[in-house]
Amino acid sequence: MRLLLTSLLLLVSVQVNATVIHNVDSNGILTGAQNVDVLGTLYDVSFVDGTCADLFDGCDEITDFDFSDISTASAAAHALLDQVLIDSVAGLFDTHPESTKGCTFIEECMTFIPYLLSTSPFIIGEGVFNNAIEGHDRTFTLAGRSSSDDTIPLTHNNYIRFSVSPLPNPIPEPSTMLLFGSGLAGLGLWRYRKGVKS
Ligand SMILES: [Ca+2]
Ligand SMILES: [Ca+2]
Ligand SMILES: [Ca+2]
């Protein structure tokens, strides 16, 4: 039984460890990413510019937001810094904030993740600061932005949308299949022994 459980856990971990895929346009600009892990749930994300009202269905109800509590929004902010805004073969998105859609300022890009309504029309959210200088990246809780403030004219500001990734459908690796098979065999043996005893 334990073997079976181990095998199932391995299968689950294979899914959770799906690789982050960066979405980059023909100009090398980062438009979003797939399979971003926030507290064990995989999300597809896209950077967007505009007003909170336009981007988040009016920005007037808590359900308009992708997250509705500070702990998840904070985890999402850190996931952006750790998994998306990184330097890799896909691009130098950590050291070049201007390479992210919605930002053209070379020193810093601040991405906003709203999660709470303040006194209307104000919103509270997590700010993800991606600085060109190593060690200066940070997240910060921001209040005081209005739902009608527009990030399009702002060269260092954008928003991001998170949507749960379509269920990953990985082709099980041979080693996984082998472990899964041995788990099933173990279950069979366990049932057989149980049958013999009774
Ligand atoms: Ca709404
Ligand atoms: Ca950086
Ligand atoms: Ca902008």
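**Entry 1. Opening question**

What covers the buried residues of α3? I looked this up in a predicted model, and I found that the cover includes β2, β3, β6, β7, β8 and β9.

**Entry 2. Overall make-up**

I began with the secondary structure, which comes to four helices and nine strands. Read along the sequence, I noted the pattern α-β-β-β-α-α-β-β-β-β-β-β-α. The protein has 198 residues, and 26% of them count as buried. I then turned to the contacts with a separation of 6 or more; residues 24 or more positions apart account for 62% of these.

**Entry 3. The sheet**

I traced an open sheet of seven strands in the order β1-β2-β3-β9-β6-β7-β8, with mixed pairing. Its edge strands are β1, residues 21-24, and β8, residues 138-146, each of which pairs on one side only. Neighbouring strands of this sheet are turned by 30° against each other on average, direction ignored.

**Entry 4**

I followed β6, residues 108-117, into β7, residues 122-131; the two pair in the antiparallel sense over nine bridges. They form a hairpin with four residues between them. I noted two of the residue positions: Phe112 stands opposite Gly127 in β7, and Ile113 stands opposite Glu126 in β7. In general, the side chains of a regular strand alternate between the two faces of the sheet.

The loop between β6 and β7 holds Pro121. I checked the peptide bond from Ser120 to Pro121 and found that it is cis, with omega near 5°.

I then went on to β7 and β8, which run antiparallel and are joined by seven bridges. Phe129 has Arg138 in β8 as its bridge partner. The hairpin of β7 and β8 has six residues between the strands, and in it Gly135 takes a positive phi near 90°.

**Entry 4. Helix α3**

I returned to α3, residues 70-84, which lies across β2 (30-38), β3 (41-48), β6, β7, β8 and β9 (157-164) and runs at about 120° to β2. The helix has 15 residues and reaches 20 Å from its first C-alpha to its last, close to the 21 Å expected at 1.5 Å a residue.

Which residues of α3 are buried? I listed Ala73, Ala76, Ala77, Ala79, Leu80 and Val84. They cover an arc of only 160° around the axis, so they are on the same side of α3. The general rule is that an α-helix has 3.6 residues a turn, so residues three or four places apart point the same way.

**Entry 5. The nonpolar core**

I next examined the largest nonpolar core, which has 32 residues. Those with the most contacts inside it are Val36, Val45, Ala76, Leu80, Ile113 and Ile160. The elements that give two or more residues to this core are β2, β3, α2 (52-55), α3, β6, β7 and β9. Its largest share, six residues, comes from α3.

What is Ile113 in contact with, leaving aside its neighbours within four places in sequence? I found Phe67, Ala73, Ala76, Ala77, Gly125, Glu126, Val128 and Ile160. Among these contacts, Ala73, Ala76 and Ala77 are buried residues of α3, and Glu126 is the residue that stands opposite Ile113 in β7.

Asn35 has a positive phi of about 65°, and its place is in strand β2. Is Asn35 buried or partly exposed? Burial requires 20 or more other C-beta atoms within 10 Å. Asn35 has 18 within 10 Å, so it is partly exposed.

Cys59 has a positive phi of about 55°, and I found it in the loop between α2 and α3. Cys59 counts as buried because it has 21 C-beta neighbours inside 10 Å.

Conventions:
Residues numbered from 1 in each chain as written. Chains lettered and ligands numbered in written order. Predicted model: local features only at pLDDT ≥ 70, side-chain atom pairs only at ≥ 80, totals over all residues. Pairing = 2+ DSSP bridges. Axes fitted to C-alpha atoms, helices over the stretch in contact; angles between N-to-C directions. Contact = placed C-beta atoms within 7 Å. Core = buried A, V, L, I, M, F, W, Y, C linked by C-beta atoms within 7 Å. Buried ≥ 20, exposed ≤ 12 C-beta atoms within 10 Å, placed from the backbone. Expected span 1.5 Å × (residues − 1). Arc of directions from axis to C-beta.
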